Amino acid sequence: MWKTAATRLPRRLQASTVFTRGLASSAYVDPQRAKEPAVSTTPDDITPEERKTLEAALRVDQAGEIAANWIYRGQYAVLGRDRKTGELIQDMWDQEKKHLVVMDKLQLQHNVRPTLLTDVAKVAGFGLGAVTALMGREAAMACTEAVETVIGEHYDDQLKELDAMSTKHPSIPLLKDVIREFRDDELEHLDIAVENDAQRAPAHALLSAVVGAGCMVAIELCKRI
């Protein structure tokens with residue numbers, strides 16, 4: 001028997017938020033689909049190890065979207081007055097807000113405990129965004145490039161893990177489609193950052209290595225805590 005999760009929308013979803021029809025993520029904000037098993041239930045035909053893998057994946061993804069929102073919040077606080085850069089950051093931030101709405105829904109659907117590091121993710125994300133923005137526009141873009149590189153690879157790894165699951169439950173194919181969608185969004189952010197002089201940032205290689213390593217450590221911690 002499938003477990004039914006709550007289907008209420010998070011309060012942060014405003015009426016102006018638009019989820020494009022046809023995208024996998026739109027299933028989580030379409031009231032007409034709220035009772036579909038793929039959206040409202042979680043599989044009970046997976047092994048304990050597969051359950052652990054699913055919960056770790058969603059815990060990390062939710063935490064990652066929280067951190068991403070606060071990174072862009074920090075960048076916008078510093079660079080938002082520059083019209084071109086501010087609009088660029090705002091566009092990417094708006095997309096991350098949409099991602100977080102869906103990840104919050106997935107966390108409820110699959111009965112996943114959020115990471116205990118949520119507040120840390122917010123503070124660290126804002127700090128990273130603000131500090132790199134204070135270093136200059138190029139450094140802010142380099143931060144985005146480094147973060148999205150790690151996230152893109154992480155989503156690819158998750159897809160391989162989900163492909164290995166033997167469940168027939170419809171929520172898993174939908175989840176994979178959502179992850180592919182979000183991965184492509186993150187890689188688009190990476191391309192935007194590169195196109196906007198990320199690689200011209202002072203000490204680009206060092207900055208990328210430090211930010212990337214920090215992201216990988218955060219991923220491993222959020223899986224467990």
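Visitor: What does the side chain of Q75 reach?

Guide: The side chain of Q75 reaches the backbone oxygen of A140, at 3.1 Å. The cut-off for a polar contact is a pair of N or O atoms within 3.5 Å; within protein, one must be able to donate a hydrogen and the other to accept it, and residues adjacent in sequence count only if both atoms are side-chain atoms. The 3.1 Å between Q75 and A140 is therefore within the limit.

Visitor: What should I know about the model itself?

Guide: The model is predicted: local features need pLDDT of at least 70, side-chain atom pairs count only at pLDDT 80 or more, and totals for chains, interfaces and linings use all residues. Residues are numbered from 1 along each chain as its sequence is written, and side-chain values use heavy atoms, with hydrogens and water left out.

Visitor: Why is Q75 called buried?

Guide: Buried means under 20% relative accessible area, exposed over 50%, partly exposed in between (1.4 Å probe, protein chains only). Q75 has 0%, so Q75 is buried.

Visitor: Where is Q75, and which residues does Q75 touch?

Guide: Q75 sits in helix α2, residues 48-79. Helices here are DSSP runs (H or I, at least four residues; strands are E, at least two), numbered from the N terminus. Contact means heavy atoms within 4.5 Å. Not counting residues up to four places away in sequence, Q75 touches several residues, among them G80, I89, T132, A140 and C143.

Visitor: What about I71?

Guide: I71 is in helix α2. Its relative accessible area is 10%, so I71 is buried. I71 and F126 are 55 residues apart in sequence, but 4.7 Å apart in space, C-alpha to C-alpha. Beyond four places in sequence, I71 touches G125, F126, L128, G129, C143 and V147.

Visitor: How do you know that the length of helix α5 agrees with its residue count?

Guide: The expected span is 1.5 Å times one less than the number of residues. Helix α5 (residues 137-163) has 27 residues, which should span 39 Å; its end C-alpha atoms are 39 Å apart, so the two agree. After α3 comes N111, with a positive phi near 55 degrees.

Visitor: What makes α5 largely enclosed?

Guide: Of its 27 residues, 19 are buried, so α5 is largely enclosed by the rest of the structure.

Visitor: How many residues does the largest nonpolar core have?

Guide: It has 50 residues. A nonpolar core is a set of buried Ala, Val, Leu, Ile, Met, Phe, Trp, Tyr and Cys residues joined through side-chain atoms within 4.5 Å. Those with the most contacts inside this core are Y28, L54, L106, L174 and V178. At least two core residues come from each of α1 (37-40), α2, α3, α5, α6 (171-195) and α7 (204-224). The largest share, twelve residues, is from α5. Beyond four places in sequence, L174 contacts A24, A27, Y28, A38 and V39.

Visitor: Which residues does the UniProt annotation "binding site" cover?

Guide: In an unreviewed UniProt entry, the annotation covers E65, E96, H99 and E186. UniProt positions follow the numbering used here, feature names are shortened, and annotations may be inferred rather than shown by experiment.

Visitor: How do you know that they gather at one spot?

Guide: They span 122 residues in sequence, yet no two of their C-alpha atoms are more than 10.6 Å apart, so they gather at one spot. Of these residues, E65, E96 and E186 are in the lining of the largest pocket. On a 1 Å grid over the protein atoms alone, a pocket is an open set of points where a 1.4 Å probe fits, with protein on both sides within 12 Å along at least five of seven lines; lining residues have an atom within 4 Å of a point.

Visitor: Why do E65, E96 and E186 count as buried?

Guide: E65, in helix α2, has 2% relative accessibility and so counts as buried. E96, in helix α3, has 0%, so E96 is buried. E186, in helix α6, has 2%, so E186 is buried. Beyond four places in sequence, E186 touches E65, E96, H99, E148, I151 and Y155.
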